[in-house]
Amino acid sequence: MPSRPISEGLFTWPVPAPPARPVLYGARCAPCGAVTFPPAPGCPRCGEDRMGPVELPARGTLYTWTTQEFLPKLPYLGPETPETFEPWAVGYVDLDGQLRVEGRLYDVDPEDLRFGMEFEVVVRPFRTTEDGIEVHTFGFAPSSPAGS
Amino acid sequence: MTDVAIVGVGIYPFGRHKDVTALEMGAAAARAALADAGMRWPDISYAVGGSFEVDIPDAMVAYLGLTGIDFTNVYNGCATAGAALSLGVQAIRSGRHDRVLVVGLDKHPAGAFTADPAGYGCPAWYGEMGLFLTPKFFGMKINRYMHDHGIGSQTLGRVAAKNYANGSLNPNAFRRTPLTVEQIVGSRMVNYPLTQYMFCSPDEGAAAVVLCRGEDARNHSPRPVWIRSVEVRTRRYGAFEVHSPSVPADRVPAPTADAARAAFEAAGVAPGDVDIAQLQDTDAGAEIIHMAEVGLCADGDQERMLAGEETSIGGRLPINTDGGLIANGEPIGASGLRQIHELTLQLQGRAGGRQVPRRPRTGLAHLYGAPGISSVTIVST
């Protein structure tokens, strides 16, 4: 099936074969060092507009989370219907103490979520467009043991 | 600096009004405020109207009278009423106008607010992924806050139960049926740890205030209430705010804390002087967080304060005495002027069945909304 990322320049694409891992792409302000995700054209800290590309750390710890227990309205484009909708977890993952990035939390029962849990960036199929293209997006899943 | 007095307040009941337009509600609230001030519409030389759903609140002159008045329309998200009030106060302080009407009105469809992420500086994929949702952010913010400061879900339930109880005493409230802590905590989970009955909902309504120069105040009201300060702030870099695909790990205080600090400084009032407060309770967790962010308690004190009913009408520091957003819903443009209406009645001893005993002398009103804006107003007798 043909596939594409939900947006260009957000994460490693195509998804690298293990043991390589996907990362998120941010921007770093040359004058002040502030990092943004997604890449921003101007710096939210100092207001300058000299931003350069940077790869964000692939792992981090869970800063906070909640559950999404109702089907979002548009602009959400997920594949569920009211009948098939299952609550999901969403959180902010603190990537190496640099930036906290929001994303869906995959492969984990919300009951098992704990502050400080280790997560890593993943890229997953999200929906299929009307013309049959599989759209992939980023999220986080509990970290696999180091070196695996 | 010129003193600014509130000499009239009016409200159109919050709720659902099938056959009434937002402009009609706004005009009715304006007329109620004018009557309260003993004024007529031609006495007003400047008006400010705030709304989300109505592009041109000034169109209400069709109902109030075509006097040629200078009329400014504003929209600043959930802090719209604070921005509108700020403009009204500035118009008097600058000496440009003597008598000003500030009115807020809205009429929202049922269900959570939706919008285009692009209008909030967010990328399209953020909405496509299902992340452009305010209730989800509030769940995440209070989840972390409860973890950091030892607050339990019973306290969330107590906040909502208090606000429904207060709403049951308010004839203008949307939700007037008291609910128990158990009913609230046990209702359907929406965004952990927040349940269905812990959230406010968008609805309809209007509220208005009439302001005048301090030296004229007693010509219009036997008990004027003084606006000591109104401050509006947007988020700084590092604040943990709604609709943020990412936030820096070095967290700075929220715009609420910035607006409150500025408002206390401008008013020459300390947080300990506040006798009554109306805080943005978009959800029960928001009231808990905002208690500390505006400076009315330390982080974590809320657990003990709610258990001891300190923020109930008979308590040491009554909060959301008219039921807040939880019982009144949120017609965005009107919500903050409902707070000023309530503070005015309470400071004047006119709040009826929900009157705070030992009449309060200093009150605080607070708004907060997407994508990180807050206003804090301090009033006193």
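## Second largest pocket

The second largest pocket has a volume of about 550 Å³. Here a pocket is an open set of points, on a 1 Å grid over the protein atoms alone, where a 1.4 Å probe fits, with protein on both sides within 12 Å along at least five of seven lines; lining residues have an atom within 4 Å of a point. Grid points are joined across faces, edges and corners, and a volume is the space filled by probe spheres set on the points. This is a predicted model, in which local features need pLDDT of at least 70 and side-chain atom pairs count only at pLDDT 80 or more, while totals for chains, interfaces and linings use all residues. Residues are numbered from 1 along each chain as its sequence is written, chains are lettered from A and ligands numbered from 1 in the order in which they are written, and side-chain values use heavy atoms, with hydrogens and water left out.

The lining of the second largest pocket comprises 25 residues, and those nearest its centre are A:P44, B:R235, B:S244, B:P245 and B:S246. Two or more lining residues come from each of β3 (35-36) of chain A and β9 (246-248) of chain B. β9(B) gives the most, with three residues. Helices (H or I, at least four residues) and strands (E, at least two) are DSSP runs, numbered from the N terminus. The lining of this pocket divides into 16 nonpolar, seven polar and two charged residues; Ala, Val, Leu, Ile, Met, Phe, Trp, Tyr, Cys and Pro count as nonpolar, Asp, Glu, Lys and Arg as charged, and the others, Gly among them, as polar.

## Largest pocket

The largest pocket holds about 820 Å³ of space. It is lined by 34 residues, with B:A112, B:F113, B:P135, B:C200 and B:P202 closest to its centre. In chain B, α5 (134-149) and β11 (362-369) are the elements that give two or more residues to this lining. α5(B) gives the most, three residues. By class, the lining has 21 nonpolar, nine polar and four charged residues.

## Sheet of chain A

Chain A has an open sheet of three strands in the order β3-β2-β4, with antiparallel pairing; two strands pair if DSSP finds at least two bridges between them. β3 and β4 (51-55) of chain A are the edge strands, each pairing on one side only. Strand β2 (residues 25-29) of chain A is joined to β4(A) by five bridges and runs antiparallel to it. A:C29 stands opposite A:M51 of β4(A).

## Chain B: overall form and sheet

Chain B contains 13 helices and twelve strands. Its C-alpha atoms fill a box of roughly 55 × 50 × 40 Å along the principal axes.

An open sheet of nine strands in chain B has the order β3-β2-β4-β7-β1-β8-β12-β11-β10, with mixed pairing. Its edge strands are β3 (70-74) and β10 (276-278) of chain B. Strands β4 (residues 99-107) and β7 (residues 204-213) of chain B pair antiparallel over nine bridges, and B:V103 stands opposite B:A208 in β7(B).

## Helix packing in chain B

Helices α3 (residues 80-93) and α13 (residues 332-348) of chain B pack at an angle of about 65 degrees, with their axes 6 Å apart. Axes are lines fitted to C-alpha atoms, for helices over the stretch in contact, and angles run from 0 to 180 degrees between N-to-C directions. The contact (heavy atoms within 4.5 Å) involves B:T80, B:A81 and B:L85 of α3(B) with B:I332, B:G333, B:G336, B:L337 and B:I340 of α13(B). Five of these residues are nonpolar, three polar and none charged.
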